[in-house]
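Biologist: Let's go through this model. I will ask what stands behind each label.

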Amino acid sequence: MGKTNKSSSKAQKRKRIQDTQRKETKVKSSDRRKWHLEWEEYFMALAFLSAQRSKDPKTKVGACIVNKDKRIVGMGYNGMPNNCKDEDFPWGKGQTAEDNKHLYVCHAELNAVVNKIQADIRGCRMYVTLFPCNECAKIIIQSGIEEVIYYKMPDMPADKTKAEEKTEKIKATQKMFQYKNIVKLREYENKQEGETVFKIETKDSKCRVMISL
């Protein structure tokens, strides 16, 4: 009888310890950090960070390709082709081969596709900081990317003729993507409370880059 009571007492003590541990685990779980980057914020933030590799003095663009398992399979930013030194090519917007960057620069979307780390990127998503041009739209379609999420539309030039040209390029991208719904196209939308602003800037001489979210 004494042994039975002793065994019962040990069992109850063990149960109390287990109950306490379970409660502590539950408390720790509820105390986890509440604010965090959602997946879309994370991938778009990486596209913005990638853009900071660009040497373009005016427009810095970054792109991030993600597969269905939320794994990053390609990154890119706008820059000169491989083995073409940045300092030996123009970064202006002139009219000749000596001063027109557009004749040389590879766009972020192109670089993200050619930098891919898996052979097949069909069905993937692309996060890009700027609406894709019509040339990049062709590459996106040919690669089999299923959806494009862009952060903003390009700024329009002050010159009326150039603004009209850019508008037509935007329409061409939209027409190709929308044709039989080849590629889903949507503007980035923050789904958390409060606005998420992607801002990468020089802070001071001691801090080269500050990322604000």
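Modeller: Start with the largest pocket, which holds about 1,600 Å³ of space. Keep in mind that this is a predicted model.

Biologist: Which residues are closest to the centre of the largest pocket?

Modeller: They are T59, K93, H102, L130 and K166, out of 44 residues that line the largest pocket. The elements giving two or more residues to the lining are α2 (39–51), α3, β3 (125–130), α4, β4, α5 and β6 (199–201).

Biologist: What makes a residue count as lining the pocket?

Modeller: An atom within 4 Å of a pocket point. On that count, α5 gives the largest share of the lining, 5 residues.

Biologist: How do you know how the span of α5 compares with the expected one?

Modeller: Helix α5 runs over residues 160–178, 19 residues in total. The expected span is 1.5 Å times one less than the number of residues. For α5 that gives 27 Å, and the helix reaches 27 Å from its first C-alpha to its last. The reach is therefore close to the expected span.

Biologist: Which residues of α5 are buried, and why do you say they line one face?

Modeller: The buried ones are A163, I170, T173 and F177. Seen down the axis of α5, they fall within an arc of 80°, so they line one face of the helix. An α-helix has 3.6 residues a turn, so residues three or four places apart point the same way. The cover over the buried residues of α5 includes α4 (134–143), β4 (147–152) and β5 (184–187).

Biologist: What does the face turned away from the buried side carry?

Modeller: The exposed residues K160 and K175.

Biologist: What makes D159 a cap for α5?

Modeller: A side-chain oxygen of D159 lies 3.2 Å from the backbone nitrogen of T161, at the N-terminal end of α5. A polar contact needs N or O atoms within 3.5 Å, so this pair passes on distance. Just after α5, K180 takes a positive phi of about 55°.

Biologist: Why is N111 called buried?

Modeller: N111 has a relative accessible area of 15%. Buried means under 20%, so N111 qualifies. It lies in helix α3 (residues 108–114). Leaving aside neighbours within four places in sequence, N111 is in contact with M75, G76, Y77, G79 and C106.

Biologist: And why is D155 called exposed?

Modeller: D155 has a relative accessible area of 58%. Exposed means over 50%, so the label holds. D155 is found in the loop between β4 and α5. D155 and T59 are 96 residues apart in sequence, with 10.0 Å between their C-alpha atoms.

Terms used
Residues are numbered from 1 along each chain as its sequence is written. This is a predicted model: local features need pLDDT of at least 70, side-chain atom pairs count only at pLDDT 80 or more; totals for chains, interfaces and linings use all residues. Side-chain values use heavy atoms; hydrogens and water are left out. Helices (H or I, at least four residues) and strands (E, at least two) are DSSP runs, numbered from the N terminus. Buried means under 20% relative accessible area, exposed over 50%, partly exposed in between (1.4 Å probe, protein chains only). The arc is that of the directions from the helix axis to the C-beta atoms. Contact means heavy atoms within 4.5 Å. A polar contact is a pair of N or O atoms within 3.5 Å; within protein, one must be able to donate a hydrogen and the other to accept it, and residues adjacent in sequence count only if both atoms are side-chain atoms. On a 1 Å grid over the protein atoms alone, a cavity is a set of points where a 1.4 Å probe fits but cannot get out, and a pocket is an open set with protein on both sides within 12 Å along at least five of seven lines; lining residues have an atom within 4 Å of a point. Grid points are joined across faces, edges and corners, and a volume is the space filled by probe spheres set on the points.
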